[in-house]
Amino acid sequence: MKKIKICWLVLLTLAVFLSARAQQMNKDTLVVSNSKTCPCVHPVIYFKLYSAVLSKKALKILDSVSIQLQSNPDCTIVITGYTYTSMRDEDICQKRLLCIRTYLSERRKIDAERLYIDCIQNGGDRNTVEIKCR
């Protein structure tokens, strides 16, 4: 009986913590994201396993993103890749994000200061990159 009470207490504490964290994340999102001026919906970019080469489909997506960014000069975006725990995964994640940022900044003339990059460990499919408003 004592073990069950302790288990419930731990679960309750965890639920309260996660709820508070979710509320904080929502506040951060609401403060930072300005959906009236920034179109925030972009398709996911897919890469082949251990490749940092942009496909034709990825280039079309990035061209669309660049048009939206050029039309909304106050917009900034976060380019997010996902990785597992290996150094190889971390390295390929960084290469992909830098490839995307370089394409947008050098080829499409988007100010690099508007393009944030972030590799998240165990946060999603390691062969995808998401672009969202910051």
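Trainee: Start with E1 and E4. Parallel or antiparallel, and how many bridges join them?
Mentor: E1 and E4 run antiparallel, joined by 2 bridges. Ile-45 sits opposite Val-129 of E4. Keep in mind that this is a predicted model.

Trainee: What's the strand order in the whole sheet?
Mentor: E1-E4-E2-E3. It is an open sheet of 4 strands with mixed pairing.

Trainee: Which are the edge strands?
Mentor: Strand E1 (45–46) and strand E3 (115–121). Each of them pairs on one side only.

Trainee: And E2 with E4, in what sense do they pair?
Mentor: Antiparallel, over 5 bridges. E2 covers residues 77–83 and E4 covers residues 128–133. Ile-79 faces Ile-131 in E4. Thr-80 stands opposite Glu-130 in E4.

Trainee: What stands opposite Thr-80 in E3?
Mentor: Asp-118. E2 and E3 are parallel, with 7 bridges between them. To get from E2 to E3 the chain passes through H3, and this β-α-β crossover is right-handed.

Trainee: Zoom out for me. How many helices and strands?
Mentor: The protein has 3 helices and 4 strands. Along the sequence the pattern reads α-β-α-β-α-β-β.

Trainee: What share of the residues is buried?
Mentor: 30% of the 134 residues. The protein exposes about 9,300 Å², and 59% of that comes from carbon and sulfur atoms.

Trainee: What about contacts between residues at least 6 apart in sequence?
Mentor: Of those, 79% join residues at least 24 apart.

Trainee: On to H2. What should its span be, and what is it in the model?
Mentor: H2 has 16 residues, 56–71. At 1.5 Å a residue they should span 22 Å, and the end C-alpha atoms are 23 Å apart, which agrees.

Trainee: Which residues in H2 are buried?
Mentor: Ala-58, Ile-61, Leu-62, Val-65, Ser-66 and Leu-69. They take up an arc of only 140° around the axis, so they lie on the same side of H2.

Trainee: Why would residues three or four places apart point the same way?
Mentor: Because an α-helix has 3.6 residues a turn.

Trainee: Back to H2. Which exposed residues are on the face turned away from the buried side?
Mentor: Lys-56, Lys-57, Lys-60 and Ser-71.

Trainee: And what do the buried ones pack against?
Mentor: E1, E2, H3, E3 and E4.

Trainee: Which residues of H3 are buried?
Mentor: Asp-89, Ile-92, Cys-93, Arg-96, Leu-97, Ile-100, Tyr-103, Leu-104 and Ser-105. Their cover includes E1, H2, E2, E3 and E4.

Trainee: What is Asp-89 in contact with, leaving aside neighbours within four places in sequence?
Mentor: Tyr-50, Thr-83, Tyr-84 and Arg-126.

Trainee: Where does Tyr-50 lie?
Mentor: In the loop between E1 and H2. Tyr-50 is not a glycine, yet its phi is positive, about 60°.

Trainee: How does Tyr-50 count on accessibility?
Mentor: As partly exposed, because its relative accessibility is 30%.

Trainee: Where else should I look at phi?
Mentor: Take Asn-122, in the loop between E3 and E4. Asn-122 is another kind of residue than glycine, and its phi is positive, near 55°.

Trainee: Is Asn-122 buried or exposed?
Mentor: Exposed, because its relative accessibility is 51% and the cut-off is over 50%.

How values were computed
Residues numbered from 1 in each chain as written. Predicted model: local features only at pLDDT ≥ 70, side-chain atom pairs only at ≥ 80, totals over all residues. Heavy atoms only, no water. Contact = heavy atoms within 4.5 Å. Pairing = 2+ DSSP bridges. Expected span 1.5 Å × (residues − 1). Buried < 20%, exposed > 50% of the residue type's maximum accessible area, 1.4 Å probe, protein only. Arc of directions from axis to C-beta. Right-handed = clockwise from strand over helix to strand, strands pointing away. Areas by Shrake-Rupley, 256 points an atom, 1.4 Å probe, with all protein chains shown as cover.
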